[in-house]
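Please look over the sequence and the 3D structure shown here before reading on. The paragraphs below go through some of the main features in turn.

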Amino acid sequence: MVKTQDFDFAKDTLYIPVDMLQGQGNTHDKVKNVAFERPADFLIQINSENNSKILVDAYYDSFYYLYAQQLNMTEKNPEYTKKGNGIFNPIYHCLSREIYLPEDKRTIPFSKYETGLLKHGD
């Protein structure tokens, strides 16, 4: 539960930092220009019915680690490997790897889905 004064769900944005692991996380989000009392591993962004989501500290992002660092299937960003970098990423799930169809002589690209999106309602 969050208590706020004069919060307008349609116009304002509420950020809720979530600390999961001791000794890591971001004390700020440099894109959104917000700071936190303790390092956060996740950031919940409440902003209208269609723009609310959960973000993950780039250093703690398992999707990035697996598909960029380990498998070289997505673009690498060296900033993501630094603790306390002030970057939060969307949370993704891989839907399919890149697949080459030899009979059709075409490649179906890597695809992902943003699982951190929050839906309005119960």
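The largest pocket has a lining made up of four nonpolar, three polar and four charged residues. This is a predicted model, and in it the space within that pocket comes to about 200 Å³. Among the residues lining the largest pocket are Asp61, Phe63, Tyr64 and Thr74.

Leu14 and Glu75 are 61 residues apart along the chain, and their C-alpha atoms are separated by 30 Å. Leu14 belongs to strand β1. Apart from neighbours within four places in sequence, the contacts of Leu14 are Val2, Thr4, Phe7, Ile44, Gln45 and Ile46.

Strands of a sheet pair through backbone hydrogen bonds, and the pairing can be either parallel or antiparallel.

The individual pairings can now be followed across the sheet. Five bridges connect β1 with β4 in the antiparallel sense. In one of the paired positions, Val18 has Phe42 of β4 as its bridge partner. Strand β4 (residues 42–46) is in turn joined to strand β5 (residues 53–57) by four bridges, and these two strands run antiparallel. Here Ile44 has Ile54 of β5 as its bridge partner, while Gln45 is partnered by Lys53 in β5. Both Ile44 and Gln45 are also contacts of Leu14. The hairpin of β4 and β5 has six residues between the strands, and in this hairpin Ser48 takes a positive phi near 65°.

A further strand, β2, spans residues 26–29 and contains Asp29. Is Asp29 buried or exposed? Asp29 has 2% relative accessibility, and because buried means under 20%, Asp29 counts as buried. Leaving out neighbours within four places in sequence, Asp29 touches Val34, Phe36, Leu43, Gly86 and Phe88.

Technical notes:
Residues numbered from 1 in each chain as written. Predicted model: local features only at pLDDT ≥ 70, side-chain atom pairs only at ≥ 80, totals over all residues. Heavy atoms only, no water. Buried < 20%, exposed > 50% of the residue type's maximum accessible area, 1.4 Å probe, protein only. Contact = heavy atoms within 4.5 Å. 1 Å grid on protein atoms, 1.4 Å probe; cavity = no way out; pocket = protein on both sides within 12 Å on 5 of 7 lines; lining within 4 Å. Points joined across faces, edges and corners; volume = space filled by probe spheres on them. Nonpolar A, V, L, I, M, F, W, Y, C, P; charged D, E, K, R; others polar. Pairing = 2+ DSSP bridges.
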